Amino acid sequence: MVMGKRGRPSALDVCRVLAVFLSLFPTVSLQCKILKCNSEFWASTSNSGPEEEFCTALRAYNSCVRRTARTCRGDLAYHSAQHGIEDLMSQHNCSREGPTSQPRARTALPPPPPPLTPDSQERSDGPEMCHYERSLPRNTAPPNYTHCGFFGDPHLRTFGDDFQTCKVEGAWPLIHNKYLSVQVTNTPVVPGSMATATSKLTIIFKNFQECVDQKMYHAETDELPAAFADGSKNGGDRHGANTLRVVEKVPGQHVEIQARYIGTTIVVRQVGRYLTFAVRMPEEVVNSVEEGDDQDLYLCLHGCPANQRIDFRNFKARSAEAQSTGRPRSTAAQGFTYQSAKAKCKERLPVEDLYFQSCVFDLLSSGDINFTMAAYYAFEDVKMLHSNSKRYHIYEKDSFLNNAPQRGKDFLSLLLLNVLAVLMWIECCTAHL
């Protein structure tokens, strides 16, 4: 497919190296108030007005963002706002000196027109380049769609169907390519436990040709918006804006973001106190890597770093041993034995695949029964988003096979070291003789 040239590069684009920077400084303060700055600015500029008034609001926005610098230094939304302010200052010829009165909300916009019929909706979505499948060359094979999911304590299903359980506390990039960036922030579930869960999620859709403006979606615990950060529900004012939209499925619990211009669907849920993430994305978009970008840092593509992974089998063996020997359970797992956790997970997940195993792990490591539903909905999202029904379930043997190439390399390295040690020992003995 020829995606075409990107829209005019501007400071509103996410910096290529931003995810690298964030991975080096993963701790993000939960006291960051950048969303308040964003909402005040967009409320004060929701209607067109004199250029001078816009610049006043922009300077107030800049002051608000600067005040959050200490607590928001590692937040993707904060850095996006910084770049956006620079771009808007330049576009509107705004001086940094001048009045910075507090933004005031304007009169609300008139209600939107009634929904379009399916036919007129299609016609309103702009040129073919704004529809991923319609923009493909004729007589080409249909695109190969891939899936990534992130849920629970947390568990990661990569685009390659590798299933991992990770620690990854703090801010981590899930996806970063030419078209969008996704970052999660994970916090400890209970003190003293390795288990973390997602409390914050930020998605940035970069501007693309005539289709969409740059848009940011931000969610955190008890705040699952039905709109982008600027209050809009689509891709802006461009001709293909409706190919990017936010659809609220269940208020406060389930949001779907449809990005048809890149053939992508994202599902965000809040289950209990934590968020889950699932995406369906064409393989071409997954691999649309910026030149020189180190994709090893992005979890959905290559999984969690080895030092951040938790071994399911060892954990399960320790839990079973603790139960058989009668040792006291940790406070995190109060209320659940290994058998009772299995029974509870069986109610929602009758097949003992890795989604079932992740549910058991979460109940034993956290004691939070909401994680049962997190695993259940993660599997429901797989059934909706994964293109191969034969790959819905993943079992431990599948995970073992997925990691076989890396284990093969490790085994070969160990074998070579052993051979080298033997040769050195023989040489040493020969020298003494």
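Student: Leaving aside neighbours within four places in sequence, which residues is D222 in contact with?

Tutor: Contact means heavy atoms within 4.5 Å. D222 touches Q270 and R273 in that sense. This is a predicted model, where local features need pLDDT of at least 70, side-chain atom pairs count only at pLDDT 80 or more, and totals for chains, interfaces and linings use all residues. Residues are numbered from 1 along each chain as its sequence is written, and side-chain values use heavy atoms, leaving out hydrogens and water.

Student: Where is D222 placed?

Tutor: Helices (H or I, at least four residues) and strands (E, at least two) are DSSP runs, numbered from the N terminus. D222 sits in the loop between β7 (215-220) and β8 (244-250). Its C-alpha atom is 8.5 Å from that of Y274, 52 residues apart along the chain.

Student: Is D222 buried or exposed?

Tutor: Buried means under 20% relative accessible area, exposed over 50%, partly exposed in between (1.4 Å probe, protein chains only). D222 counts as exposed because its relative accessibility is 62%. Across the 433 residues of the protein, 48% are buried.

Student: How many residues of α11 are buried?

Tutor: In α11, 13 of 13 residues are buried, so the helix is mostly covered.

Student: What span should helix α11 have?

Tutor: The expected span is 1.5 Å times one less than the number of residues. For the 13 residues of α11 (residues 354-366) that gives 18 Å, and the end C-alpha atoms are 18 Å apart, which agrees.

Student: What lies at the ends of α11?

Tutor: D353 caps the N-terminal end, with a side-chain oxygen 3.1 Å from the backbone nitrogen of Y355. G367 follows α11, and its phi is positive, near 75°.

Technical notes: Polar contact = N/O pair within 3.5 Å; in protein donor to acceptor, adjacent residues only side chain to side chain.
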